[in-house]
Amino acid sequence: MPEKTVPAHLYRDKYWRPVLHLFSKHYKLNQCFTTKYFDFRTETIKISALKRQSSTWSESEKFMLKLALHLFNSSNKVDLSGMDYLDDHNTRLAIEAIAMRYEN
């Protein structure tokens, strides 16, 4: 998804910023970074559709999606012990996203 389609203010929003980071940097999430799952006009994410799409993904890929959705809205639960599935690169991405969400 071209970055110009994402409203600039979302890159400063504490809920959207980590989602945009993960979906732009993680190879599998990036494949879903389309208008099929994101509506920037209404500023919504099609969470159920993303979860259905991820049904055949690896455990590490599913964890990254769950983390992104949790950082967007805490009603989307994530078990942080799932970070055990991540390699060094994805662990760094996850920690960066968590820091983005909770920094002041």
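Which residues in α1 meet which residues in α4? The model is predicted, with local features requiring pLDDT of at least 70 and side-chain atom pairs pLDDT 80 or more, whereas totals for chains, interfaces and linings use all residues. Residues are numbered from 1 along each chain as its sequence is written, and side-chain values use heavy atoms, without hydrogens or water.

**View A. Packing of helix α1 against helix α4.** The two helices, α1 and α4, pack at an angle of about 160 degrees with axes 7 Å apart (axes are lines fitted to C-alpha atoms over the stretch in contact, and angles run from 0 to 180 degrees between N-to-C directions). α1 is therefore roughly antiparallel to α4 (over 145 degrees; under 35 counts as roughly parallel, 65 to 115 as roughly perpendicular and the rest as oblique). Trp16, Pro18, Val19, Leu22 and Phe23 of α1 meet Met64, Leu65, Leu67, Ala68, Leu71 and Phe72 of α4 (contact means heavy atoms within 4.5 Å). By class, this contact has eleven nonpolar, no polar and no charged residues (Ala, Val, Leu, Ile, Met, Phe, Trp, Tyr, Cys and Pro count as nonpolar, Asp, Glu, Lys and Arg as charged, and the others, Gly among them, as polar).

**View B. Packing of helix α1 against helix α5.** Helix α1 (residues 16-25) and helix α5 (residues 88-102) have axes 8 Å apart, at an angle of about 160 degrees (helices are DSSP runs of H or I, at least four residues, numbered from the N terminus). This angle makes α1 roughly antiparallel to α5. Arg17, Pro18, His21, Leu22 and Lys25 of α1 contact His89, Leu93, Ala94, Glu96, Ala97, Met100 and Arg101 of α5. These residues comprise six nonpolar, two polar and four charged.

**View C. Packing of helix α4 against helix α5.** The axes of α4 and α5 come within 10 Å and cross at roughly 5 degrees; the two helices are therefore roughly parallel to each other. Met64, Leu67, His70 and Leu71 represent α4 in the contact, and α5 supplies Asn90, Leu93, Ala94, Ala97, Ile98, Arg101 and Tyr102. Eight nonpolar, two polar and one charged residues take part in the contact of α4 with α5.

**View D. Lining of the largest pocket.** Lys51, Ser54, Ser55, Lys62, Leu65, Lys66, Leu69, Asn76 and Lys77 line the largest pocket (on a 1 Å grid over the protein atoms alone, an open set of points where a 1.4 Å probe fits, with protein on both sides within 12 Å along at least five of seven lines; lining residues have an atom within 4 Å of a point). Helix α4 (residues 59-72) gives the most to this lining, with four residues. The lining divides into two nonpolar, three polar and four charged residues.
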